Amino acid sequence: MHEAEAPLSAGEVRVRTLFSGISAGTELTSYRGSNPNLTKTWDATSRLFVEGDSAVSFPMAGFGYEEVGEVIEVADGVTAPVVGDTIWGTWGHRTTAVLDAEFAAARVLDADADPRVGMFSHIGAIALNVVLDADIHIGETVVVFGLGVPGQLVAQLARLNGARVVAVDGIEARRDLALQLGADVVLDPGSDNVAERVKELTGGRGADVAIEITGNYRALQEAIRSVAYNSRVCVAGFFQGEGAGLSLGEEFHHNRVQIVSSQISGVGASLQHRWDRYRLTSTAIALATSGRLQVIPLITHTVELADAAGAYQMLDERPREALQVVLDMRGDA
């Protein structure tokens with residue numbers, strides 16, 4: 001459905017969306033009906049989920065946080081950005097968006113870059129935030145559980161941070177891609193005893209850090225088993241429902257394992273004076289633009305906006321077939 005375009009107000013620009021990426025994690029929790037925001041209310045004051053009617057209703061307007069677009073109109077008096085500039089950011093799966101000019105001017109993509117790079121600002125920031133929370137040091141062994149889009153980015157960033165990266169996923173194509181993008185070792189949880197293999201790779205010590213980014217409780221349990229005594233498991237997966245498969249009286253308890261939650265709503269307390277959301281997103285884009293962070297190889301499917309329903313169905317029913325699915329909106333504005 002196309003909405004009528006409202007006139008621009010002072011200090012605004014209009015952007016025509018070029019590409020919008022589908023989040024196979026967060027968006028699919030809403031698609032499947034498992035997201036807690038659908039059945040409870042998030043109280044921002046108490047920072048608690050409380051029983052009550054959901055604030056979310058159909059049709060949902062919040063889908064999509066991986067966008068890149070082209071400036072097609074600026075309000076009178078706006079000098080930056082200019083028509084034709086490519087803007088990265090988050091404005092949802094919509095063909096056009098009205099943005100604050102100052103906001104847009106701070107998010108102009110390098111003209112020489114593949115515009116699809118711009119889709120990875122938010123998911124790149126999520127991955128970067130995970131690596132910051134994981135507190136990785138040069139020479140350490142890091143095990144990344146889950147090689148979807150955020151996991152692939154985390155694995156690359158951990159390696160850029162000086163770590164030896166062990167990447168774990170049950171899908172062969174994802175393991176192969178992780179190797180191509182720089183992972184040192186890949187393991188299949190279906191055939192490898194992951195924790196035991198990590199112990200072997202580290203001379204019996206265990207990983208310095210494990211990063212869980214699957215949202216699978218059994219993967220979290222194996223991450224706990226994989227780390228060394230007094231070490232850290234950084235958890236970024238969006239878990240759904242009550243936990244099953246955790247045995248917290250075993251390695252977690254006996255090895256004094258620290259579990260840290262990483263979520264893009266904030267930055268670790270020790271970094272808040274230096275890092276914020278804009279620094280995370282702009283750093284991710286700078287790394288991707290320079291080629292130090294490889295994002296284009298993560299795209300497996302590009303579909304027209306009219307075929308979006310089929311794309312969601314594929315991600316829901318046949319998730320092994322895809323990694324990053326992109327909606328091409330260039331012909332729909």
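How many bridges join strand E8 to E9? Three bridges join E8 (residues 164-168) to E9, and the two strands run parallel. Strands, like helices, are DSSP runs numbered from the N terminus, with at least two residues (E) for a strand and at least four (H or I) for a helix. Two strands are taken to pair if DSSP finds at least two bridges between them. Within this pairing, Val168 stands opposite Leu187 in E9. The model is predicted, so that local features need pLDDT of at least 70 and side-chain atom pairs count only at pLDDT 80 or more, while totals for chains, interfaces and linings use all residues. Residues are numbered from 1 along each chain as its sequence is written, and side-chain values use heavy atoms, with hydrogens and water left out.

E8 and E9 belong to an open sheet of six strands in the order E9-E8-E7-E10-E11-E12, with parallel pairing. Its edges are formed by strand E9 (185-187) and strand E12 (258-261), each of which pairs on one side only. From one strand to the next, the twist averages 20°. Angles run from 0 to 180 degrees between N-to-C directions, and axes are lines fitted to C-alpha atoms, for helices over the stretch in contact.

Helix H4 (residues 149-160) packs on this sheet and touches strand E7 (141-145), E8 and strand E10 (207-212). Contact here means heavy atoms within 4.5 Å. The direction of H4 makes about 175° with that of E7. Helix H7 (residues 217-226) lies across E7, E10, strand E11 (227-235) and E12, and runs at about 145° to E11. The loop between E10 and H7 contains Asn216. With a relative accessibility of 39%, Asn216 counts as partly exposed; buried means under 20% relative accessible area, exposed over 50%, and partly exposed in between (1.4 Å probe, protein chains only). Asn216 and Phe145 are 71 residues apart in sequence, and their C-alpha atoms are 9.4 Å apart in space.

Two packed helices are described by the angle between their axes and the distance between the axes. For helix H3 (residues 121-134) and helix H9 (residues 277-290), the axes come within 8 Å and cross at roughly 105°. H3 and H9 are therefore roughly perpendicular to each other (angles under 35 degrees count as roughly parallel, over 145 as roughly antiparallel, 65 to 115 as roughly perpendicular and the rest as oblique). On the H3 side the contact consists of Ser121, His122, Gly124, Ala125, Leu128, Asn129 and Leu132, which meet Arg277, Leu280, Thr281, Thr283, Ala284 and Ile285 in H9. By class, six of these residues are nonpolar, six polar and one charged. In this scheme Ala, Val, Leu, Ile, Met, Phe, Trp, Tyr, Cys and Pro count as nonpolar, Asp, Glu, Lys and Arg as charged, and the others, Gly among them, as polar.

Aromatic pairs were also counted. Rings of Phe, Tyr and Trp (its six-membered ring) pair if their centres lie within 6.5 Å; planes under 30 degrees apart count as stacked, over 60 as edge-to-face and the rest as tilted. The count by this rule is two aromatic pairs. The ring centres of Trp42 and Phe49 are 5.0 Å apart and the planes stand at 55°, so this pair is tilted. Trp42 is partly exposed at 36% relative accessible area, and Phe49 is partly exposed at 38%. The rings of Trp88 and Tyr278 have centres 6.4 Å apart and planes at 15°, so this pair is stacked. Because Trp88 lies in strand E5 (residues 86-89) and Tyr278 in helix H9, the pair ties together parts that are 190 residues apart in sequence. Trp88 is buried at 4% relative accessibility, whereas Tyr278 is partly exposed at 36%.

Strand E5 is joined to E4 by four bridges, and the two run antiparallel. The bridge partner of Glu70 in E5 is Thr86. Strand E4 (residues 67-74) also pairs with strand E1 (residues 12-22), in the antiparallel sense over seven bridges. Phe19 stands opposite Val68 in E4.

Most residues other than glycine have a negative phi, and most peptide bonds are trans. A cis peptide bond, with omega about 0°, joins Ala80 and Pro81; Pro81 is placed in the loop between E4 and E5. Asp135, although not a glycine, has a positive phi of about 55°. Asp135 is located in the loop between H3 and E7 and is partly exposed, with a relative accessible area of 41%. Arg256, also not a glycine, has a positive phi of about 50°. Arg256 is found in the loop between helix H8 (251-254) and E12, and is exposed at 53% relative accessible area.
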